[in-house]
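Could you show me how to read it?

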Amino acid sequence: MLPWVVRRTRLPLLSLRCVGCPSESATTGEGRFRVNANGKLLDVWLLVRCVSCDRTIKLTVHERAPVRSFDPAELHGYGVNDPGLVASRLLDPLFARRNRFTLDWTGAWRLDTPSPWLDEPWPVRVEVVFEDPVPVRPERLIARGLGLSRNEVLRRVKCDVPPRRTTNTGFTFTVMATDPGSQPR
Ligand SMILES: [Zn+2]
């Protein structure tokens, strides 16, 4: 089985309304947290910026959470703006829902496919692995990866998930050697 990998090339933008201007797009930039201690309780925010007016928008990561409930490594990560922690918080669907934003993946990911598969026996099985939860339509991703039209994909490819339903988790598909549905022209 051949592996295809979907991975991000940078952090996605956030589709989020700015209160200072009509823009609906924000960026994490380098990625910065703010931690505020109030007695034994901590507030943690991820700071993002409007791409248009640069206004800072605070997104709640933790609200009045007991200090002792934090894993020390996580707490350290907030303090040093750990890039891995920034990414994992940003890509957490619960965090997005709580702060009412969606991710804009346009131009922020790529599909890595192995070099030509001339030696592979037909039919060819491909496994698509998501290193990052980029939402894609299987049909479009396969067309792009194989350099086929979407009609050809529908004829030659058997996908184990609904090909038109957006997904961000792994799936497999099979490509047939010939085009059994083709008619003589
Ligand atoms: Zn703005």
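Q: What should I know about the model before starting?
A: It's a predicted model, where local features need pLDDT of at least 70, side-chain atom pairs count only at pLDDT 80 or more, and totals for chains, interfaces and linings use all residues. Residues are numbered from 1 along each chain as its sequence is written, and side-chain values use heavy atoms, with hydrogens and water left out.

Q: Which residues coordinate the zinc ion?
A: Donors are N, O and S atoms within 2.8 Å of the metal (3.2 Å for Na, K and Ca); water is not among the atoms, so sites may look incomplete. Here the SG atoms of Cys18, Cys21, Cys50 and Cys53 coordinate the zinc ion at 2.3 to 2.4 Å. Their spacing in sequence is C-x2-C-x28-C-x2-C. Cysteine 18 sits in the loop between strand 2 (13-15) and strand 3 (25-38) and cysteine 50 in strand 4 (residues 41-50), so the pair ties together parts 32 residues apart in sequence. Strands are DSSP runs (E, at least two residues), and helices are too (H or I, at least four), numbered from the N terminus.

Q: Is cysteine 18 buried or exposed?
A: Buried means under 20% relative accessible area, exposed over 50%, partly exposed in between (1.4 Å probe, protein chains only). Cysteine 18 is buried, as is cysteine 50.

Q: Where does aspartate 132 lie?
A: Look in the loop between strand 8 (124-130) and helix 4 (138-146). Aspartate 132 is buried, at 11% relative accessible area. Contact means heavy atoms within 4.5 Å. Leaving aside neighbours within four places in sequence, aspartate 132 is in contact with Val6, Arg7, Arg8, Leu91 and Trp105.
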